[in-house]
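Below are some brief notes for a colleague opening this entry for the first time. Please read them with the structure at hand.

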Amino acid sequence: MTTPCLRLVTPDDADELAAVYVENREFLAPWEPVREDEFFESDSQRAAIERMLDEHAADRMVPFVILGPAGEIAGRLTLNNVVRGAFQSASVGYWVREDLNGRGLATRAAREAVDHAFTALGLHRLEAGTLLHNVASQTVLRRAGFAPFAVAPEYLRIAGRWQDHLLFHAFAPSPRP
Ligand SMILES: CC(C)(COP(=O)(O)OP(=O)(O)OC[C@H]1O[C@@H](n2cnc3c(N)ncnc32)[C@H](O)[C@@H]1OP(=O)(O)O)[C@@H](O)C(=O)NCCC(=O)NCCS
């Protein structure tokens with residue numbers, strides 16, 4: 001059995017996470033909202049992690065870190081906007097640090113997240129959106145069982161501009177009759 005590459009973030013990750021964000025600031029900038037300088041400080045990361053763990057306790061999100069080959073923080077994967085009731089759906093977002101790209105880590109993490117969402121969380125559906133030109137991320141999603149279903153105009157403000165996104169979804173396996 002392979003070791004899981006996802007675990008829940010903890011406040012003790014704040015220093016390492018801040019360092020990884022600093023190291024990858026330019027790499028991530030085209031794919032993320034604009035980040036203020038404060039975002040890259042350990043204290044700010046610790047406060048954000050604590051807020052996310054509160055949201056996790058309320059069943060509204062699952063903030064994971066992606067682990068690299070030596071157990072280091074290689075990136076993040078978050079299940080956001082968990083909605084229960086008749087929807088049973090959540091959104092997936094992730095990144096992997098530049099020096100550990102191309103080793104299949106995002107694909108493994110996305111597959112683990114799908115499994116977690118449809119077994120442990122009992123969700124019915126996952127959604128993810130990529131920029132139209134983010135072919136690497138689209139490859140990751142397809143490999144994890146997602147299919148594209150729509151183009152959403154001006155969907156998210158990424159790198160300072162409202163940008164169109166290709167939306168993907170994945171569904172829990174149907175129960176056997
Ligand atoms: C997208 C991202 C998560 C991929 O992480 P990763 O760990 O390198 O992904 P994987 O190794 O599992 O798979 C990526 C695949 O896309 C391919 N790929 C990478 N760049 C590509 C490109 N520009 N065009 C086409 N394919 C590309 C890789 O070669 C790999 O396929 P392979 O295994 O056949 O070689 C990472 O590059 C990243 O964090 N990017 C910035 C943030 C981001 O885009 N997040 C997702 C937002 S939707």
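1. The shell around the ligand is made up of ten nonpolar residues, eight polar ones and one that is charged. Please keep in mind that this is a predicted model.

2. The shell counts 19 residues, and those that come nearest to the ligand are W95, N101, A106, T107 and A136. Two or more residues each are given by β4 (89–96), α4 (105–118) and α5 (135–143). With five residues, α5 supplies the largest share of the shell.

3. Two of these elements, α4 and α5, also pack against each other, their axes 9 Å apart and at an angle of about 40°. Angles of 65 to 115 degrees count as roughly perpendicular and those under 35 as roughly parallel, so α4 and α5 are oblique to each other. Their crossing is right-handed. On the α4 side the contact is made by A106, T107 and A110, and on the α5 side by V140, L141 and R143. By class, four residues of this contact are nonpolar, one is polar and one is charged.

4. A separate point concerns V9, which sits in the loop between β1 (6–8) and α1 (14–23). Is V9 buried or exposed? V9 is buried, because 24 other C-beta atoms lie within 10 Å and 20 or more are enough for that class.

5. Leaving aside residues up to four places away in sequence, V9 touches I49, M52, P63, F64 and V65. V9 and L77 are 68 residues apart along the chain, and their C-alpha atoms are separated by 9.8 Å.

How values were computed. Residues are numbered from 1 along each chain as its sequence is written. This is a predicted model: local features need pLDDT of at least 70, side-chain atom pairs count only at pLDDT 80 or more; totals for chains, interfaces and linings use all residues. A residue is near a molecule or strand if its C-beta atom, placed from the backbone, lies within 6 Å of it. Helices (H or I, at least four residues) and strands (E, at least two) are DSSP runs, numbered from the N terminus. Ala, Val, Leu, Ile, Met, Phe, Trp, Tyr, Cys and Pro count as nonpolar, Asp, Glu, Lys and Arg as charged, and the others, Gly among them, as polar. A residue is buried if 20 or more other C-beta atoms lie within 10 Å of its own, exposed if 12 or fewer, and partly exposed in between; C-beta atoms are placed from the backbone. Two residues are in contact if their C-beta atoms, placed from the backbone, lie within 7 Å. Axes are lines fitted to C-alpha atoms, for helices over the stretch in contact, and angles run from 0 to 180 degrees between N-to-C directions. Angles under 35 degrees count as roughly parallel, over 145 as roughly antiparallel, 65 to 115 as roughly perpendicular and the rest as oblique. A crossing is left-handed if the near helix is turned anticlockwise from the far one by less than a right angle, and right-handed if clockwise.
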